[in-house]
Amino acid sequence: MGITVRDISKRFGDFVALEDVSVQAPTGSLTALLGPSGSGKSTLLRVIAGLEKQDDGEIFIFDEEKTRVPPQKRGVGFVFQHYAAFKHMTVFENVAFGLKIRKRKKVEIRHRVRELLELVQLDGFSERYPAQLSGGQRQRMALARALAVEPEVLLLDEPFGALDARVRQELRAWLRQLHEEIEVTTILVTHDQEEAMELADRIVLMNHGKIEQIGSPQDLYENPANEFVMGFIGPVNRLGDSYVRPHDIEIRLQEFGSSVEAMVDHLFYLGFEVRVELSLEDGQHLWAQVTREEASHLGLERGKTVHVHIHHSKAFGNSVADSLPKP
Amino acid sequence: MIARLTLRTLALGYLALLLAFPVGMVFVRTFEEGLGTALEAVTRPAALHALWLTLLVAAVAVVANTVFGVICAVVLVRHNFRGKALLNTLLDLPLAVSPVVVGLALLIVYGRTSLVGGWLAELGIRVVFSTPGIILATIFVSLPFVVREVVPVLREIGTEQEQAASTLGASAFQTFWLVTLPAIRAGVAYGVVLTMARAIGEFGAVSIISGKLSGRTETLTIYVEDSFQSFDLVGCYAASVVLALIAIATLLLTNLSKPREEY
């Protein structure tokens, strides 16, 4: 097992950041710690790195106990949201930092740094200073710097959080490719469910310092353990006590099966997908996701009366609906 | 347009009238009787000794207060402890207390009849009316500058770079030496300039603790006063010019040692 975290608790004064959290990240996997801000995901990552001291619990990296080992000796590579670039050093010096600390030979350092800069596509930038790089380039430099010392595990704390949407998308694809290439056990912290689903083999969904569910992206989407998971992973409508995905709502012009009447309030064209906002007879609101083709076929327009049928809906036992993000 | 011109004239006029003009007059008076006379005035043994003593005292004060100042700033910004507010207030004491009072206080503590002074005298160390006393007084009055310059810089750079260094294997000392210190060097440099300027210019505390012994415990500022009192105007102006030149040199040195491309 790459990383094992057992019963970790951490408080900041009165605030409970983590409560009895246990997680495992299999060797070579990419695990995402996903959750809203304040859910404890970053704290957990920092505890694994030794940057934050847990109040309770144990940490193992490749079955070696690291609970009380200082960050210098944990064998982790850490990438920060805001890069944490050494501003007074060139790109080369940044990447070489860990190797210099380990007193490697100059020739070896030069060779290794060149190799890494190629890997992160920054060859030719070695003499620049971080201030002369774009955000995306800085983060790739930070990744090369973390990888230089050949860490046993790689910890990424919202690595794309400070970048704009387009660069984020690019780096995401690039990171996935890189991970396939180097296969280092990785934990990624993110609040973006799409990012987690696109990158991770396993998602650990956290909320209020606790784990709500662990599973593959598909697993979490299809078999959410509770309302929180259902609402956080993918869009959702709430109807009474049950929850329904917008793509599980079928719209027709005529009555069919157990359909109910609804009125189209709004239509939003989002490229391939069309978002249809509806209100039911009893005053409840919901939105459905249809394709452009369906929308034009049905001749949907504002104020039109249609019939909707809900294919799958889910109801959960104990309600935590208060913590559900608004759609 | 007129408003901007007025503002500019006001700013420049203020500087010219209150700063440039008086300092310029000192230069004019110094060289009024020729370069030779001025040179003769500053190469007299008493003047040279005062210059040497001033540089020595300033150097010691700068080194001591830089080391202490950086440590103190790190403690203030990175540590949390009881009495932090007290330390913070104490640091400004040298700015608030008049140098004359500082001189008197040192005289009380280190004078021959006092406990500490008597004990030191038995060891053969003379503080009052001698160089150690002048150094102590100068350190006291120039103490806050490095701390006050470094604290905001340290706060601004945050802890992420330091944490990154530690995950890369750097020890606490390596992190400080290779990451923190280079990141705060602009603040340190400016603090050093201010400390230097304050140390060279100190008069009040030194005039009390030094006893103003010509050729022995006279710093440049004391020498200026001494020659003024004895109507040696050229000597007085020439020594003032030397003081001004040291200050200008310090400023230039800092500008030269500015970091390369960063922001």
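A residue counts as buried if 20 or more other C-beta atoms, placed from the backbone, lie within 10 Å of its own. By that rule, 40% of the 327 residues in chain A are buried. Keep in mind that this is a predicted model, where local features need pLDDT of at least 70, side-chain atom pairs count only at pLDDT 80 or more, and totals for chains, interfaces and linings use all residues. Residues are numbered from 1 along each chain as its sequence is written, while chains are lettered from A and ligands numbered from 1 in the order in which they are written.

Start by selecting chain A. Its C-alpha atoms fill a box of roughly 80 × 45 × 30 Å along the principal axes. Colour by secondary structure and look for nine helices and 18 strands (DSSP runs numbered from the N terminus: H or I of at least four residues for helices, E of at least two for strands).

Next, pick A:Ile48, A:Ala144, A:Leu155, B:Ala137 and B:Ala239, which have the most contacts inside the largest nonpolar core, a group of 132 residues. Such a core is a set of buried Ala, Val, Leu, Ile, Met, Phe, Trp, Tyr and Cys residues joined through C-beta atoms within 7 Å. Now select helix H3 of chain B, residues 45-78: this helix gives the core ten residues, the most of any contributor.

Zoom in on B:Ala239. What does B:Ala239 touch, leaving out residues up to four places away in sequence? Show B:Val42, B:Ala47, B:Leu220, B:Tyr223, B:Val224 and B:Ser227 (contact means C-beta atoms, placed from the backbone, within 7 Å).

Note on methods. A residue is buried if 20 or more other C-beta atoms lie within 10 Å of its own, exposed if 12 or fewer, and partly exposed in between; C-beta atoms are placed from the backbone. Two residues are in contact if their C-beta atoms, placed from the backbone, lie within 7 Å.
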